[in-house]
Amino acid sequence: MRVNLLGLDAAGLAAFLGTRGEKPFRARQLMQWVHQRREDEFTRMTDLAKDLRAKLQQHAVVQAPAIVGDSTAADGTRKWLLKVDGANAVDAVFIPESARGTLCVSSQAGCVLDCAFCSTGKQGFNRNLTTAEIVGQLWLANRLLGGERPVTNVVLMGMGEPLLNLDNVVPALRLMLDDNAYGLSRRRVTVSTSGVIPGMDRLRDECPVALAVSLHAPDDALRNRLVPVNRKYPMRDLLKACERYLEKAPRDFITFEYVMLDGVNDGDAQARKLAGIAERVSCKFNLIPFNPFAQSGFERSPAERIRRFAEILQAKGVTVTTRKTRGDAIDAACGQLAGEVADRTRRSKTLRVVEARP
Ligand code: SAH
Ligand code: SF4
């Protein structure tokens, strides 16, 4: 079995070289070739010693997922469907803006958490992505987009719950931050979670980056319905976990994501309740107009309602942004990522674990 170098962070690469009788400092050079120069042919890594190249040829490979779909929306948003094995494909989405380019990366094939309004959740769950498959999305995007540094920001907001796959997500984050690889600052890498508390604590200790928490409701009664993981990790505990995270976070606020569902979570009273939450945790709100998909059973709140909701929060001193809906014509908007996920039975098994109260 050859090792995929896209999955090795600095420590992993040094160990890989060490066990093959190479000096660990070669790791730096090799990382630059792989991640910065986006080279997958060892023979072309001309400043590496010949015998090292031969060893790499024998024991290693640089292999990103295969592209099976590539579409670009009128607003420039580009979505790739990436095959990760014979049965599963995941989405990665590039969102160009004037001053930055954001890549939205998937962390799992499917998701067990089954939020009521999310198309990924409806696909069920098949498996965690490996570190190489997560980093491979960034490697590919940079390679395909070309230029010096097309991807300036990464958000783990694609398919899956990143904090349920930390064994693979943490080394991937380390590579994103490593100056010899992607060199992104911690503030430019954002992990989004539906509120998996033990994962928040672990991320804080192992690799704190910017954090977004998918709140979506002002109280447990509604959040239990919309985000079922709330039954295991209720809001009181979630807010405490946010405070703990802030002790080590690169930004001094948590971003609360809030999907705007017509007549469900978008009322004036609900906005006022959220303002109360904002008094307890340093945060910003990001309102996401709901992106519909077949049989979701929800509708997007009207623009006027979203504006009013934002106003109420702002009047209480809360910073609010409303996310522009981009890429929906190619199903690349938040919550529309469905990929192709095999074995839809696995979710029920894992969901039972999640729902079991401690
Ligand atoms: N599992 C993580 C990250 C992936 S989802 C999480 O839930 O945070 C990324 C964001 O898209 C989350 O805030 C999620 O709630 C939101 N989202 C899911 N479905 C959506 C939809 N149909 N319309 C708009 N946003 C949606
Ligand atoms: Fe999973 Fe996030 Fe979708 Fe919920 S919103 S089902 S946690 S991907």
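Modeller: Gladly! A polar contact here is a pair of N or O atoms within 3.5 Å; within protein, one must be able to donate a hydrogen and the other to accept it, and residues adjacent in sequence count only if both atoms are side-chain atoms. This is a predicted model, in which local features need pLDDT of at least 70 and side-chain atom pairs count only at pLDDT 80 or more, while totals for chains, interfaces and linings use all residues. Residues are numbered from 1 along each chain as its sequence is written, chains are lettered from A and ligands numbered from 1 in the order in which they are written, and side-chain values use heavy atoms, with hydrogens and water left out.

Around ligand 1 there are 21 residues, each with a heavy atom within 4 Å of the ligand. The closest are F117, S192, S214, H216 and N291. F117 uses its backbone, with an N or O atom 2.8 Å from a nitrogen atom of the ligand.

On its own, ligand 1 has 530 Å² of accessible area, and the protein covers 96% of that (Shrake-Rupley method, 1.4 Å probe). Strands are DSSP runs of E, at least two residues, numbered from the N terminus; β10 (189–193), β12 (254–260) and β13 (283–289) each give two or more residues to the shell.

By class, the shell has ten nonpolar, nine polar and two charged residues. Ala, Val, Leu, Ile, Met, Phe, Trp, Tyr, Cys and Pro count as nonpolar, Asp, Glu, Lys and Arg as charged, and the others, Gly among them, as polar.

Note on methods:
Helix = DSSP H or I, 4+ residues; strand = E, 2+ residues; numbered from the N terminus.
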